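I opened my notebook beside the viewer and went through one chain piece by piece. Here is what I looked up, in the order I wrote it down.

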Amino acid sequence: MKEKRDLKIQAIENGTVIDHIKAGQALNVLRILGISSAFRATISFVMNALGVRGKKDVVKIEGKELSVEELNRIALISPKATINIIRDFEVVQKNSVVLPSYVEGVVRCINSNCISNSREPIKSRFSVLQAEDEGVTLHCLYCEHVILEDIAENLL
């Protein structure tokens with residue numbers, strides 16, 4: 001008889017596993033990917049699981065492979081995440097997300113007076129820096145405001 005500690009999330013046949021997500025960010029990853037209750041494929045996620053490097057979240061999505069734009073968004077909130085592509089129940093590709101050096105039209109500037117928040121047809125632009133503690137810092141290229149936290153709350 002299996003012990004409770006041996007229970008695992010069901011494997012997926014084809015799709016994506018996002019592993020090593022910063023603890024507590026799984027729901028933001030689902031939001032970034034536009035996954036809601038209307039999504040009909042199987043989705044599994046674990047939050048605050050103990051891993052070798054401490055606590056982490058994991059998201060499994062049946063039948064979906066991620067675009068570069070989706071990977072860039074995930075990197076902003078969890079720069080140490082890994083992406084596993086699954087086909088026929090096997091990992092066929094494993095990559096780490098790559099933090100882009102800048103993003104355009106992805107994050108809303110927190111400065112309400114920034115030109116990117118006006119009626120002008122201008123997309124927000126930020127330079128992206130990774131902090132030593134796995135955090136990310138965004139620097140607005142228009143008004144120079146800095147976003148240090150709650151990046152997920154400002155994603156467009």
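**Entry 1: Helix 2**

I began with helix 2 and noted its buried residues: Glu 70, Arg 73, Ile 74, Ala 75, Leu 76 and Ile 77. I kept in mind that this is a predicted model.

Next I asked myself: what covers the buried residues of helix 2? My list includes strand 1, helix 1, strand 6 (102-104), strand 7 and strand 8.

**Entry 2: The core**

I then looked up the largest nonpolar core and found 33 residues in it. Those with the most contacts inside this core are Ile 18, Leu 33, Ile 74, Leu 76, Val 107, Leu 138 and Ile 151.

Leaving aside residues up to four places away in sequence, Ile 151 touches Leu 76, Ile 77, Val 107, Val 136 and Leu 138.

I turned to the second largest pocket, which holds about 170 Å³ of space. Helix 2, strand 4 and strand 5 are the elements that give two or more residues to its lining. Helix 2 gives the most, with 4 residues.

I checked the lining residues by name, among them Leu 71, Ala 75, Ile 83, Ile 85, Gln 93 and Asn 95. How many residues of each class does the lining have? I noted 8 nonpolar, 4 polar and no charged residues.

**Entry 3: Two backbone angles**

Before this step I reminded myself that most residues other than glycine have a negative phi.

Asn 48 has a phi near 60 degrees. It sits in strand 2 (residues 43-51). Asp 88 has a phi near 50 degrees, and its place is the loop between strand 4 and strand 5 (90-96).

Are these residues buried or exposed? Asn 48 has 39% relative accessibility, so it counts as partly exposed. Asp 88 is exposed because its relative accessible area is 55%, and the cut-off for exposed is over 50%.

Key
Residues numbered from 1 in each chain as written. Predicted model: local features only at pLDDT ≥ 70, side-chain atom pairs only at ≥ 80, totals over all residues. Heavy atoms only, no water. Core = buried A, V, L, I, M, F, W, Y, C linked by side-chain atoms within 4.5 Å. Buried < 20%, exposed > 50% of the residue type's maximum accessible area, 1.4 Å probe, protein only. Contact = heavy atoms within 4.5 Å. 1 Å grid on protein atoms, 1.4 Å probe; cavity = no way out; pocket = protein on both sides within 12 Å on 5 of 7 lines; lining within 4 Å. Points joined across faces, edges and corners; volume = space filled by probe spheres on them. Nonpolar A, V, L, I, M, F, W, Y, C, P; charged D, E, K, R; others polar.
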